[in-house]
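Morning, everyone. Please have a look at the structure on the screen, and keep the sequence beside it.

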Amino acid sequence: MKNFILFLVMCLFLNEAFSQGCVAIRSNGSVCTVEHAMDDTTVKGWQLNSAYRYFKSFRHFRGNHEEPQRLIDNTEVINWQSTLDVTLIRQLNNRWSLSLGVPVIVNKRSSLYEHGRTERHNSSSKGIGDVRVIANRWMLNPAKAAKGNFQFGLGVKFPTGNAGATDEFFNVGPDQTSQVRPVDQSIQPGDGGVGVVTELNGYFSISSQLSAYSNLFYLINPREQNGVRTFRETLSPRLANEAIMSVPDQYMARVGVNYAFENKWKPLSVAAGGRIEGIPVYDLIGGSDGFRRPGYVVSVEPAFNYQYKKFNFFAVVPVALSRNRLQSITDKESSVTTGTFVQGDAAFADYVVNLGFTVKF
């Protein structure tokens, strides 16, 4: 019975926080490693997972209100982000597994305001992102949990990605000269902090072909700021406390159902579910000062999975239903000081394309 093949793939690649724009949600997620709890995983083995993600963010939101005028005025900020996530997994037994995940990132950003508000230019970054090492354990005995099970994961996210990548910015120096500065937080390959990865994944078999899944993910980043200058204090005096980048927490929750076909369509599985992911205003542990764009995205995500021998191929496209740029700490402080409600904006994507495969050795 292969009802949970799609659950495996969605755990492998989608139980990760995906950046969807200026709200800098990076790939620091977790890895499920068992196709389903009834598989014979008592034999030690290796598994390789590869996933590619792409999106373009350009729609600006202030709170949950879209600002279409930005597109009309040609003042929108555009991010193009591509990530190849490669994860190597060691299955220890039918309950325990270890994983090592390495993201490779290529980002580009187009804006006016970062180049003196007079000309549109691009800035870019690329390189290895933040590497994570995670241990996962099925909490119920797989030999007895015939209908469902849940898996707990705990790991470390290391600051291997460059949190201070730079590029040339135009019309920002003396006499409108160019300067080399750190690129925006949303396209930095890393966040500059050691993080604690926590996750909880579960499934329940409704019938021989239909099952439900859920994934919970939270990245704890105790470090408050990473020391990288943003130059935002040069844009407005009220942004003085955003001169240095914050190291924010991240979160994600997913729930849905998947259906495995039978007979000649048996290698194919389809799924549909919902997802919420974001950056909180305040971190769970440590301070929350510095520059961040807190917010969240609520998406619906259709998925397709195809199994061929030891390979599983998948395509998943989360489509945004709701986007919300929350009030940051700076916004809250400015609202109190001025007596006027202040809320910054952020650009979000309409959808994210996820393509990839897994293979067992």
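I'll talk about a pocket, then a helix, then one alanine.

First, a caution: this is a predicted model.

How do we look for empty space? Rolling a probe the size of a water molecule over the atoms shows where empty space is left. Here, the largest pocket has a volume of about 520 Å³. Its lining has 26 residues. Closest to the centre are Arg70, Tyr113, Arg117, Arg232 and Asp345. What about residue classes? The lining splits into 11 charged, 8 nonpolar and 7 polar residues.

Which of its residues are buried? They are Ile329, Thr330, Asp331, Ser334 and Ser335. Part of their cover comes from strand β18, residues 319–325. Just after α3 comes Gly339, with a positive phi of about 80°.

Last stop, Ala212. This residue sits in strand β11, which runs over residues 210–220. Is Ala212 buried or partly exposed? Buried would need under 20% relative accessible area. Ala212 has 23% relative accessibility, so it counts as partly exposed.

Who touches Ala212? Leaving out residues up to four places away in sequence, the contacts are Gly202, Tyr203, Phe204, Ile206, Gly256 and Val257. Take Val257. Along the chain, Ala212 and Val257 are 45 residues apart.

Technical notes:
Residues numbered from 1 in each chain as written. Predicted model: local features only at pLDDT ≥ 70, side-chain atom pairs only at ≥ 80, totals over all residues. Heavy atoms only, no water. 1 Å grid on protein atoms, 1.4 Å probe; cavity = no way out; pocket = protein on both sides within 12 Å on 5 of 7 lines; lining within 4 Å. Points joined across faces, edges and corners; volume = space filled by probe spheres on them. Nonpolar A, V, L, I, M, F, W, Y, C, P; charged D, E, K, R; others polar. Buried < 20%, exposed > 50% of the residue type's maximum accessible area, 1.4 Å probe, protein only. Helix = DSSP H or I, 4+ residues; strand = E, 2+ residues; numbered from the N terminus. Contact = heavy atoms within 4.5 Å.
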